[in-house]
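I opened this structure to look up charged pairs and surface patches. My notes follow.

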Amino acid sequence: MKEFVDVFKKTFVFSGRSRRKEYWMFILITAIISIVLTILDMVLGLDITEDTGLLSGLFSLILIIPTLSVTIRRLHDIGKSGWWILLCLIPIIGWIVLFIFSVLDSQAGTNIYGPNPKEWDQDYATA
């Protein structure tokens, strides 16, 4: 849950790097909350359209900027420019490439986007 909150704290931070753990915990918690809100929309009859409920729709709108920022920071972590996020505009192939990028391990050491957060966390934990 800490990673989910950290992503929201860094909503407008598009520089730096994000670890795989931070990215995937954010995605996992987001998916769980979305499922719960969708069920609540159906139970309470809060449908805006046939496929969209009020609560899940609002949650999706709230998540646009944090999702973009954490994805860009995740791309930075593997040494890619944030502009690679535009691959999501290419159906299927772009999504597959972004998925592969999101599961790659961090680039070791410091890259042009900053120090490796994994190494920093380990150094911080031992201090």
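I began with a rule: a salt bridge is a side-chain nitrogen of Lys or Arg within 4 Å of a carboxyl oxygen of Asp or Glu. Side chains of opposite charge can pair when their charged atoms come close.

I noted that this is a predicted model, where local features need pLDDT of at least 70, side-chain atom pairs count only at pLDDT 80 or more, and totals for chains, interfaces and linings use all residues. Residues are numbered from 1 along each chain as its sequence is written, and side-chain values use heavy atoms, with hydrogens and water left out.

**Entry: salt bridges**

How many salt bridges does the rule give? I got a count of 7.

I looked at aspartate 105 first. Its partner is arginine 20, and the closest N and O atoms are 3.2 Å apart. The pair links distant parts of the chain, 85 residues apart. Aspartate 105 sits in the loop between helix 4 (93-103) and helix 5 (117-126), while arginine 20 belongs to helix 2 (residues 20-44). I took helices as DSSP runs (H or I, at least four residues), numbered from the N terminus.

Next I checked exposure. I used three classes: buried is under 20% relative accessible area, exposed is over 50%, and partly exposed is in between (1.4 Å probe, protein chains only). Aspartate 105 is partly exposed at 45%. Arginine 20 is partly exposed too, at 31%.

**Entry: a buried pair between helices**

I then found arginine 73 and glutamate 22 in a salt bridge, 3.9 Å from N to O. Arginine 73 lies in helix 3 and glutamate 22 in helix 2, so the pair ties together parts 51 residues apart in sequence. Are these residues buried or exposed? Arginine 73 is buried, with a relative accessible area of 1%. Glutamate 22 counts as buried at 9%. I also saw Lys10 joined with Glu22 and Arg73 in a network of salt bridges.

Arginine 74 meets aspartate 77 at 2.6 Å, N to O. Both lie in helix 3, 3 residues apart, about one turn of the helix.

**Entry: a nonpolar patch**

A nonpolar patch of about 850 Å² includes Phe12, Phe14, Ile48 and Leu61. Patch residues have over 30% relative accessible area and no salt bridge, and nonpolar side chains (Val, Leu, Ile, Met, Phe, Trp, Tyr) are joined within 5 Å. Areas come from the Shrake-Rupley method with a 1.4 Å probe. I picked out leucine 61, in helix 3 (residues 54-77). Leucine 61 is exposed, at 57% relative accessible area.

Terms used
Patches are made of residues with over 30% relative accessible area and no salt bridge: like charges are joined within 9 Å, nonpolar side chains (Val, Leu, Ile, Met, Phe, Trp, Tyr) within 5 Å. Helices (H or I, at least four residues) and strands (E, at least two) are DSSP runs, numbered from the N terminus.
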